[in-house]
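Hi,

Here is the structure I promised to pass on.

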Amino acid sequence: MAAVSVIPTAGADPSADLMGMLPSGYGSDSCAPADSTGALAAVTCRDNSLAGGPTYAAYWLFGDDTALRDAFAAYLMRPDWAPATCPGRASPEPTPVLGVDGDRYGLIACGRNTGTDWHLKDGAVAWTHDADRFLGVAYVGYQGQAFPADLFAWAAAQLNTGDGSRP
């Protein structure tokens, strides 16, 4: 079976598409374009205003499934990403999220930042929405607990599959 890529239509604006996919809670000046190498568009955002929302996040929009999968896997292999077990999970491995039809909606994984700015970007959640070829990685500053469960709940809400089911 051949891989199918979606090529953006002429006049399409991937940056506008990505901005339309961002979670709510960001002000008009919260997000800025970022390096989109390997992606159609990328932004970084700060200070989501929703309960449990991230203090820092990065979002990407990809042109094909392979690029999305590769970017998600590469992010989880970064030297400043330490896998962590998401609340309610048995393993730190990425977990598939299924839609109401049983098809995979995306993946979700939790981690911790081990970089020099770990206290600003401590707990992390990375997730995909496969149909949109969307990747999000959200961080919250150090809060003194094993894992910031509020951040995971916020990210899980972003994966709502339409019927109220969560990962």
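A word on terms before the notes: by contact I mean heavy atoms within 4.5 Å. Also, this is a predicted model, where local features need pLDDT of at least 70, side-chain atom pairs count only at pLDDT 80 or more, and totals for chains, interfaces and linings use all residues. Residues are numbered from 1 along each chain as its sequence is written, and side-chain values use heavy atoms, with hydrogens and water left out.

I started with Val137. It sits in strand S8, which covers residues 134–140 (strands are DSSP runs of E, at least two residues, and helices are runs of H or I, at least four, all numbered from the N terminus). Leaving aside residues up to four places away in sequence, Val137 touches Tyr56, Ala57, Ala58, Trp60, Tyr75, Trp81, Val125, Ala126 and Trp127. Val137 counts as buried because its relative accessibility is 0%; buried is under 20% relative accessible area, exposed is over 50%, and partly exposed is in between, with a 1.4 Å probe and protein chains only.

Then the charged pairs. Side chains of opposite charge can pair when their charged atoms come close. For a salt bridge I required a side-chain nitrogen of Lys or Arg within 4 Å of a carboxyl oxygen of Asp or Glu. How many salt bridges does a search of the whole structure find? The search turns up four, and here are some notes on these:

- Arg112 and Asp122 meet through their side chains, at 2.4 Å from N to O. Arg112 is in strand S6 and Asp122 in the loop between S6 and S7, so this pair ties together parts that are ten residues apart in sequence. Arg112 is buried at 19% relative accessible area, and Asp122 is buried too, at 5%.
- Asp130 and Arg104 form another one, 2.9 Å from N to O. Asp130 belongs to the loop between strand S7 (123–129) and S8, and Arg104 to strand S6 (residues 104–113), so the pair links parts 26 residues apart in sequence. Asp130 is buried at 16%, whereas Arg104 is partly exposed at 39%.
- Asp80 pairs with Arg78, and their closest N and O atoms are 2.9 Å apart. Here Asp80 is buried, with 18% relative accessible area, while Arg78 is partly exposed at 31%.

Over to you!
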